[in-house]
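Reader: Please walk me through this model. I want the labels set against their cut-offs.

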Amino acid sequence: MKEKFKKYLEDVGITGDIRGRVERIYDFYQEICPDEITGIFITDYIKEDGERVYEHLWFFSEKYCMEAKQFITTDDFDITPIKNQIIYWMLKKQDYDFKKATEKSRLHLEFEMDTTIEGELKASKGNCDYLRAIILKYVKSNMKE
């Protein structure tokens, strides 16, 4: 696994068995994705009691996006072309200036592709900065003209 991916996992609090699970899923996607995997993101949110919940694991390449749904407990994987496929995206933010996340920051992205496939990525705390990077690198650049 790439060093920048390891740093990301550490930054968002992924350790131990869950980290091992992410690495195994990464290895799987490396085998089936025809491109080099260049991006990683884990959707997360904070429950009312303050517990952080990790939902879905995403990987990105220049031409594809990959999602492992409920990756901690389930083997539910998909891959789809993303290159110039996004026709709509919507962003909701809370306590986030799109520059530097705080403990209260929240960011929620929904997008739709011309194939009717939809994606949803949520972030809390410092993960908002990583979602911002995903938006700029993989969503904005793949808007269909």
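Reader: What makes β3 and β4 a pair?

Author: Two strands pair if DSSP finds at least two bridges between them. β3 (residues 64–68) and β4 share five bridges, in the antiparallel sense. Five passes the cut-off of at least two, so the two strands count as paired. In one of these bridges, Cys65 has Thr80 of β4 as its partner. The labels come from DSSP runs: a strand is E over at least two residues, a helix H or I over at least four, numbered from the N terminus.

The model is predicted: local features need pLDDT of at least 70, side-chain atom pairs count only at 80 or more, and totals for chains, interfaces and linings use all residues. Residues are numbered from 1 along each chain as its sequence is written, and side-chain values use heavy atoms, without hydrogens and water.

Reader: Why is the four-strand sheet called open?

Author: Its order is β1-β2-β3-β4, with antiparallel pairing. β1 and β4 (77–81) are the edges; each has a single partner strand, so one side of each has no neighbour in the sheet. From one strand to the next, the twist averages 20°.

Reader: What is the order of the three-strand sheet, and which way does it pair?

Author: The order is β5-β6-β7, open and antiparallel. β5 (86–94) and β7 (118–124) each have a single partner strand, so one side of each lacks a neighbour in the sheet. The twist averages 10° from one strand to the next. β6 (residues 106–113) and β7 are joined by seven bridges. Arg106 has Ser124 as its bridge partner, and Leu107 stands opposite Ala123. Four residues lie between the strands of this hairpin, where Thr116 takes a positive phi near 70°. α3 lies across β5, β6 and β7, at about 150° to β7.

Reader: Why is β7 described as largely enclosed?

Author: Buried means under 20% relative accessible area; exposed is over 50%, partly exposed in between (1.4 Å probe, protein chains only). Five of the seven residues of β7 are buried, so the rest of the structure largely encloses the strand.

Reader: Is Asn127 buried or exposed, and how do you know?

Author: Its relative accessibility is 1%, so Asn127 counts as buried. Asn127 sits in α3. Beyond its neighbours within four places in sequence, Asn127 contacts Tyr8, Val12, Phe41, Ile42, Asp44, Arg52 and Lys122.

Reader: What about Cys33, buried or exposed?

Author: Its value is 7%, so Cys33 is buried too. Cys33 lies in the loop between α2 (16–32) and β1. Not counting residues up to four places away, Cys33 touches Ser61, Tyr64, Met66 and Ile79. Cys33 and Met66 are 33 residues apart along the chain, with C-alpha atoms 8.6 Å apart.

Reader: What makes the largest pocket a pocket, and which elements line it?

Author: On a 1 Å grid over the protein atoms alone, a pocket is an open set of points with protein on both sides within 12 Å along at least five of seven lines; a lining residue has an atom within 4 Å of a point. α1 (3–11), β1 (37–46) and α3 (127–139) each supply at least two lining residues. α3 gives the largest share, five residues. The lining includes Lys4, Tyr8, Ile40, Tyr130 and Lys137. The volume is about 160 Å³.

Note on methods: On a 1 Å grid over the protein atoms alone, a cavity is a set of points where a 1.4 Å probe fits but cannot get out, and a pocket is an open set with protein on both sides within 12 Å along at least five of seven lines; lining residues have an atom within 4 Å of a point. Grid points are joined across faces, edges and corners, and a volume is the space filled by probe spheres set on the points. Axes are lines fitted to C-alpha atoms, for helices over the stretch in contact, and angles run from 0 to 180 degrees between N-to-C directions. Contact means heavy atoms within 4.5 Å.
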